[in-house]
Amino acid sequence: MRSRNVVLSAAALSALSLVAAANARPFNDPRSERSDKIDAANASEPRDAACTTARFVSSGAPAPKNPHTLAVRWGGFSNYELVYNGHIILLDAYYDRGSFFPPLGVKAADFKKADVVLIGHGHVDHMSDAASIGAQTGAPVVGGPPTAEKLRTQSIPAAQIKEVTGKGGELLKFDGFTVEPILGRHGEPNRDVGPVLGKAIDSLLPEMTAEQRAEDAAIRARGTGGPRVITEGTIAYLITFDDGFRVMYRDSAGIVTDYEKAAMQRVGRVDLAITAFRADLLPRYTIPQALEYVAIYKPDVVMPAHHDGGNVAGHDGLWRSTEPVFQALKDANPALITISRGYREPTCFNTEINIQSGG
């Protein structure tokens, strides 16, 4: 009997050590709940501050220690920061967006380093800080023709501006990753929805003060507009890290283009899709567009973009609800993982385990 107790104690100690190892995992990859391989990976490594700190690495927070850790942070609207193996990718640049929005906890002046800034399109709420962040970091700023034209009127060295069409043959190579620009299409909201919902929402919100109107005018001057943004100025980006993990980024919820379909027919699937939500607010409109993205990109994980709102009339006063969309996506694909985090909160992935590697 005593011998059996000793054996049981040893087994219990072994189980405890496994639990301790799991608790010491550097982060919880959101895919780990359905993958034993991901769940067991890196279990012996200590926790990584890069995956718990609510601060951008480009503004001074620690980068992930493991070269196969991808840290993803949202910074309002369609702003995202991707950090991988010491490299920083900034998606959109709209941080000094005005006192009429909730504070993001980071300002454009805080960004000190980046490898590249990818601008989805040239509207002010996507590119207003692209020139200043590019100039501060020395990073190339990539965008479609209308975006590049606007950047050339701003205080950023011309050599840092990279104009792309997204029509093929423009693979951008960086240390540790590649970026393929793909021509998308800007969202075209339903004309029967905006005038009704927008007017009702605005009626419940305060008007901007004179100071805020002046602030808003200065911010708006840093963006561009016009029909070309819809047809030739909206770029989706397919980012492939050197271990095979793929990210698709789309900052405006327009219909999927033939260029996107061709690219996805070639690569098959992506591990993570970061996609904007339609401006129509009502789930009956936001859900079909999200379903189209999932059907074309076939991601393992979806993260939303362009879903927060401002505090005054005329400035996206209502957040675009994520849960109805997420539920519809999961109904269509129960294996899909959806994630929505707060400003600057990290989500970390083990990129060594990816669709291409069979993980």
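Biologist: Leaving aside its neighbours within four places in sequence, which residues is Phe241 in contact with?

Modeller: Keep in mind from the start that this is a predicted model. Once the neighbours within four places in sequence are set aside, Phe241 is in contact with Leu70, Leu82, Tyr84, Ile89, Gly176, Phe177 and Val247. A second, separate core of 15 residues, apart from the one we come to next, includes Ile182, Met264, Val267 and Tyr297.

Biologist: Which members of the largest nonpolar core touch the most other members?

Modeller: The general idea is that nonpolar side chains tend to be buried together in soluble globular proteins. Here the largest nonpolar core has 61 residues, and those that touch the most other members are Leu82, Ile239, Phe241 and Ile274.

Biologist: How should I read a pair of helices, and at what angle do the axes of H10 and H11 cross?

Modeller: One looks at the distance between the axes, then the angle, and then the residues that meet. The axes of helix H10, residues 283-297, and helix H11, residues 323-332, come within 9 Å and cross at roughly 45 degrees. The crossing in which H10 passes H11 is right-handed.

Biologist: Which residues of H10 and H11 meet?

Modeller: From H10 come Pro283, Thr286, Ile287, Ala290, Leu291 and Val294, and from H11 they meet Pro324, Val325, Ala328, Leu329 and Ala332. Sorted by class, this contact of H10 with H11 has 10 nonpolar residues, one polar residue and no charged ones.

Biologist: Is Arg246 buried or exposed?

Modeller: For such a call one compares the relative accessible area with a cut-off, and buried means under 20%. Arg246, which is found in strand S10, residues 246-250, has a relative accessible area of 11% and is therefore buried.

Biologist: Where does Phe77 lie, a residue other than glycine with a positive phi?

Modeller: With a backbone angle of this kind, I would look up the value, the place in the chain and the accessibility together. Phi of Phe77 is near 45 degrees, and Phe77 lies in the loop between strand S1 (69-74) and strand S2 (80-84). Because its relative accessibility is 0%, Phe77 counts as buried. Leu281 is also a residue other than glycine with a positive phi, near 70 degrees, and its place is in the loop between strand S11 (272-276) and H10. Leu281 counts as buried because its relative accessibility is 17%.

Biologist: Which residues does His307 touch, not counting residues up to four places away in sequence?

Modeller: His307 touches Trp74, Phe77, Trp319, Arg320, Thr322 and Ser340. The place of His307 is in the loop between strand S12 (301-305) and H11, and His307 is buried, with a relative accessible area of 2%.

Biologist: How many residues apart along the chain are Gly60 and Phe111?

Modeller: Gly60 and Phe111 are 51 residues apart along the chain, while their C-alpha atoms are separated by 8.0 Å. Gly60 is found in the loop between helix H2 (36-40) and S1, where it is partly exposed, with a relative accessible area of 47%. For Asp258 and Leu183, 75 residues apart along the chain, the C-alpha separation is 8.7 Å. Asp258 has its place in helix H9, residues 258-267, and is exposed, with a relative accessible area of 61%.

Conventions: Residues numbered from 1 in each chain as written. Predicted model: local features only at pLDDT ≥ 70, side-chain atom pairs only at ≥ 80, totals over all residues. Heavy atoms only, no water. Core = buried A, V, L, I, M, F, W, Y, C linked by side-chain atoms within 4.5 Å. Buried < 20%, exposed > 50% of the residue type's maximum accessible area, 1.4 Å probe, protein only. Contact = heavy atoms within 4.5 Å. Axes fitted to C-alpha atoms, helices over the stretch in contact; angles between N-to-C directions. Helix = DSSP H or I, 4+ residues; strand = E, 2+ residues; numbered from the N terminus. Left-handed = near helix turned anticlockwise from the far one by under 90°. Nonpolar A, V, L, I, M, F, W, Y, C, P; charged D, E, K, R; others polar.
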